[in-house]
Amino acid sequence: MGKDVIVACDFATAEQTYAFLDKFTDEKPFVKIGMELFYAEGPAIVRAIKARGHKIFLDLKLHDIPNTVKKAMAVLSGLDVDICNLHAAGGLDMMRGAVEGLTRPDGSRPLLIAVTQLTSIDQQRMENELLIARPLEEVVMQYAANAKAAGLDGVVCSPLEAGRVHETCGDGFLTVTPGIRFADGASGDQQRVTTPARAREIGSDYIVVGRPITAAEDPVAAYRRCVADFVG
Ligand code: C5P
């Protein structure tokens, strides 16, 4: 898979999601389905969007004991998504179990990426609440290295960390980066943001873009602008 723009479909219902996707008549954007939509609509929404011809990143961020995650991943592998994810904080055995569960009898599997530290966790919270007294970037790089050691394909990280992740884990290790805004757009609740063009320069493999596209007056034009700036 090459560089692409993944549209975060953070909608509450299937109807809203289809109404949004129906605006795209000439292209089939790569779609991210998160917890809200999945818990509301279940596996049917994944199958339906897949049947419409979209690639899917199922963003459920699994985190449990290795056996539970392995079995849950085996279920997700049957949904034929393109990317799914988990929390690297679950540890190496959990991540290895996830790869095992996700791998189909023929050896194929969706790409599996790890969340390192959530972008809502800053240095102070990590130290005071999680009792991890190390620089945040060092923790992100260690979790990325753990994910690679467990056989995962990449991480979700800030676009600003993508270059460092590639230095640590190699260029082939995928960086999937939210926190994208147009230079002339609002940043909303995202703290550390960058533009699609800058994310491309730093080396992100996939950018995840929500509100700059979903809340735009013309979502198709906003999507095309992202693709032009990021993919070229
Ligand atoms: O609307 P916006 O572009 O901020 O959406 C970004 C998407 O990426 C949301 O679905 C959000 O949950 C997700 N995400 C994030 N930061 C992370 C992990 C996921 O913003 N660290």
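The sulfur of C157 lies 9.7 Å from the closest cysteine sulfur, that of C169, which is too far for a bond. For C226, the closest cysteine sulfur is in C9 at 13 Å, likewise too far for a bond. A disulfide is a covalent bond between the sulfur atoms of two cysteines; here the term denotes a pair of cysteine sulfur atoms within 2.5 Å. The structure contains zero disulfides. C157 is buried, its relative accessible area being 3%, and C226 is buried at 1% (buried, under 20% relative accessible area; exposed, over 50%; partly exposed, in between; 1.4 Å probe, protein chains only).

The model is predicted, with pLDDT of at least 70 required for local features and 80 or more for side-chain atom pairs, whereas totals for chains, interfaces and linings use all residues. Residues are numbered from 1 along each chain as its sequence is written, and side-chain values use heavy atoms, with hydrogens and water left out.

Strand β1 (residues 4-8) is mostly covered, as four of its five residues are buried. Helices (H or I, at least four residues) and strands (E, at least two) are DSSP runs numbered from the N terminus. Strands are taken to pair if DSSP finds at least two bridges between them. β1 pairs in the parallel sense with strand β8 (residues 206-209) over four bridges, and V7 has V209 in β8 as its bridge partner. β1 also runs parallel to strand β2 (residues 30-34), to which three bridges join it; the bridge partner of I6 in β2 is F30.

Together with helix α1 (residues 14-21), β1 and β2 form a right-handed β-α-β unit. A crossover is right-handed if, with the strands pointing away from the viewer, the path from the first strand over the helix to the second runs clockwise.
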